[in-house]
Amino acid sequence: MIPRSMRTGGMDLPGVESRDVPLIGYRPLAPDNVRLSSQSGQVTESTGLNSSESTVLEEEEDGVIYHVVVKQQHGAPTSATSSSRSQSVKAGTEEKLVQHLLHSFAMGDSSFITIFLSTYRSFTSTKRVLDILIDRLQHPPGESTRSQTRQPFNRAVCMVFSMWLSEYPEDFRSLGEPGLLLRLAPLLPSDPSGIEIRGRLLRLAEELNEQALLPDSSSDRTIASPPADPTKFDPTNILGFPAGLIAEQLTKIETELFVRLVPYHCLGSLWSQRDKKGREGVCWSVRATVRQFNRLANAVMASCLWPTQLRSQQRACLLEKWISVAEECRARKNFSSLYAIVSALQSNPVHRLRKTWLETDREAVRRYEELSNIFSEKDNYSQSRELLKEEGTSKFANLDGKMTNRRQIGSTAQGTVPYLGIFLTDLTMLDTAVKDRLENGYINFDKRRREFEVLAQIRLLQSSCKNCVFLTDEAFLQWYQSVPSLNEEESYRLSNEIEVPCEPSSGRTLNPTVIITRCPNLNSSRTSLVADSDGLFDFPSPVCHFLSKFTKHMKSPSVSCLDVDSSPPTNDPIPSALTPSTPIKSHRRSVSCGNNPTNNNKGSGPDMRIVRIRMDLQDGNMYRSILVTSNDKTPTVISSALEKHSQDPKQASRYELIQLLPDGKELVIPATGNVFYAMTSSSVDFLLRRQGGNTPFRSQPISTETSATFPRIKAKGRRQLFPK
């Protein structure tokens with residue numbers, strides 16, 4: 001092996017032993033009795049008469065870069081010195097990473113197989129992985145099956161395929177044809193484990209062969225419900241169901257969806273590509289959760305808006321009912337339904353109903369504000385994350401410092417259904433901030449370790465939901481399925497029929513506050529990523545250190561990573577029922593991340609901002625997030641934006657980049673200018689317009705079935721909840 005030089009900054013800071021910390025790419029803070037030398041790469045720890053010395057190296061061998069930790073234990077002067085060595089992969093070529101699956105366990109990199117199988121779809125395909133493994137099995141080590149090197153190799157082969165078939169059988173079913181499986185099966189070891197795996201592969205090959213003979217069927221895994229008949233919908237029927245029963249049925253739906261969620265579908269590199277042509281079927285499990293969120297939000301809005309003839313007191317009863325349902329969802333640790341209900345009540349069409357909120361019980365409004373605070377965007381959903389840490393794997397919710405009364409929600413334990421948007425935001429930020437490859441072209445496997453840390457949190461929560469048992473209430477489900485779908489135009493029309501729009505009052509209005517920050521190059525210093533420690537659960541979570549540092553100055557999740565509807569907000573005054581005793585906080589939308597612009601990080605690389613760009617088309621109401629550095633010129637940004645919108649980036653010369661300023665003003669960025677310095681700090685919204693075109697903006701409702709963007713509603717000034 002060839003030792004590589006020690007580096008104190010950037011992505012090349014070596015990690016620690018894999019058996020000590022789940023994510024290899026981070027070094028833990030040294031305790032008082034540890035001396036760390038960055039120049040020599042040595043760590044010395046002494047306790048009494050014994051002392052240990054650890055040397056951290058970075059070595060490269062045949063297409064793979066390893067983090068190596070050598071520990072030397074020094075005892076009494078008369079005792080011998082013992083040493084141990086462990087290594088883990090930092091980066092490598094595609095072929096070498098796949099081959100490392102068969103050698104990682106013997107080399108002490110015990111977490112490599114799990115991380116690789118969870119994240120490999122970000123940089124390769126199942127067919128390519130099987131091709132490389134088949135080639136390796138055709139040339140195994142050792143001269144005979146009983147040789148000293150062949151037996152450990154055979155055990156590794158059985159371990160890899162046993163784990164793969166158990167955890168991700170859909171990978172093999174997605175091959176479409178059985179050829180690869182038929183080539184692989186005879187190459188497996190002839191021991192009992194190999195024979196069992198061979199049988200499973202042959203059964204899968206038979207399934208693929210039968211599917212090939214059947215007529216082509218739709219790849220959509222969801223069955224579309226028949227359109228609801230508005231004439232049969234009675235929104236006031238919701239008042240006849242107990243709030244606990246409604247919450248129980250919603251939790252049943254959400255739990256079933258969450259258990260079926262495929263964690264790797266949440267990876268930023270996959271989720272961000274979901275709208276590209278030919279990828280309509282990807283991330284189907286996340287899309288199902290998105291549809292349920294939007295469906296529930298629609299049910300709340302429709303029940304509050306559809307009966308336009310109701311008096312304000314009657315409509316207030318509907319608001320109070322949904323607030324009670326939200327409380328019951330909180331007691332069942334169903335944060336997904338809770339957030340959908342809260343977001344619907346915060347949407348402009350419902351929020352602007354001043355007279356209705358005036359008639360709403362003040363105690364109910366107070367409880368509603370408390371529930372809303374759970375999802376405060378301050379410090380990147382810090383309060384929601386803290387709740388997941390406290391209750392993520394507990395049997396019951398902790399309300400007001402007391403465990404929920406089991407009699408209120410049944411005697412069975414409650415799983416935790418999280419708001420999935422938090423994890424999607426984290427993974428999107430990781431995918432945006434960390435490069436996929438090193439400068440030498442090697443795949444950056446450290447990035448996959450960080451992503452796996454987030455996926456592991458999802459899987460831990462899924463395990464808490466697998467044993468939950470629910471009863472079905474057909475009467476409620478029938479009402480739920482009868483709710484008609486409202487688009488944004490219809491919602492505003494109904495809201496305006498209930499209360500006629502009026503001129504803005506002298507009080508505060510619901511105009512969002514935009515906070516713009518500048519962030520340094522996130523790859524420039526990994527030594528600072530371990531300064532904070534807010535893991536979602538009780539196990540160490542270095543990725544949360546990364547995200548905590550990444551969002552330290554954020555007032556909300558990275559909205560720049562979201563698909564945002566550009567419909568203009570209404571100018572209705574804030575309902576006085578919510579002020580001043582329960583003041584409304586205008587939603588701050590962070591459009592970037594990182595350190596305060598007043599901090600001068602000299603030598604930390606180019607500055608960055610994440611901006612949002614849409615195209616000036618008839619359906620161009622969808623923003624795409626683009627990372628703009630201080631080195632990017634206008635053609636580069638336009639090409640990136642075109643590619644994000646599934647357009648030809650080679651046509652960049654035909655477009656001009658326009659910054660959308662407040663009060664409807666526009667700023668045309670010079671064709672050869674530096675976008676980072678040309679843009680103003682008053683907005684991060686941009687428009688791509690064909691040169692010479694005069695097409696005006698047109699705000700179109702977003703179809704949740706095609707874009708799978710979460711949710712359809714607009715919450716107090718165009719706030720969006722799910723990342724692009």
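The buried residues of helix α20 pack against α8 (243–260), α10 (284–305) and α11 (312–331). Contact here means heavy atoms within 4.5 Å. Buried means under 20% relative accessible area, exposed over 50%, with partly exposed in between (1.4 Å probe, protein chains only). Helices are DSSP runs (H or I, at least four residues), numbered from the N terminus.

This is a predicted model: local features need pLDDT of at least 70, side-chain atom pairs count only at pLDDT 80 or more, and totals for chains, interfaces and linings use all residues. Residues are numbered from 1 along each chain as its sequence is written, and side-chain values use heavy atoms, without hydrogens and water.

Helix α20 spans residues 474–481, and F476, L477, W479 and Y480 are its buried residues. They lie on the same side of α20 because they cover an arc of only 160° around the axis. That arc is taken from the directions from the helix axis to the C-beta atoms. E474, Q478 and Q481 are exposed on the other side of α20. At the start of α20, a side-chain oxygen of D473 comes to within 3.3 Å of the backbone nitrogen of A475.

| Helix | Buried residues |
|---|---|
| α20 (residues 474–481) | F476, L477, W479, Y480 |
| α3 | T126, V129, L130, I132, L133, I134, L137 |

Helix α3 covers residues 126–137. Its buried residues pack against α1 (94–100), α2 (112–119), α4 (150–167), α5 (169–173) and α6 (179–184).

D431 sits in helix α18 (residues 420–433). D431 is buried, at 18% relative accessible area. Not counting residues up to four places away in sequence, D431 touches G268, S269, S272, D436, K447 and E451.

Methods
Helices (H or I, at least four residues) and strands (E, at least two) are DSSP runs, numbered from the N terminus. A polar contact is a pair of N or O atoms within 3.5 Å; within protein, one must be able to donate a hydrogen and the other to accept it, and residues adjacent in sequence count only if both atoms are side-chain atoms. The expected span of a helix is 1.5 Å times one less than its number of residues.
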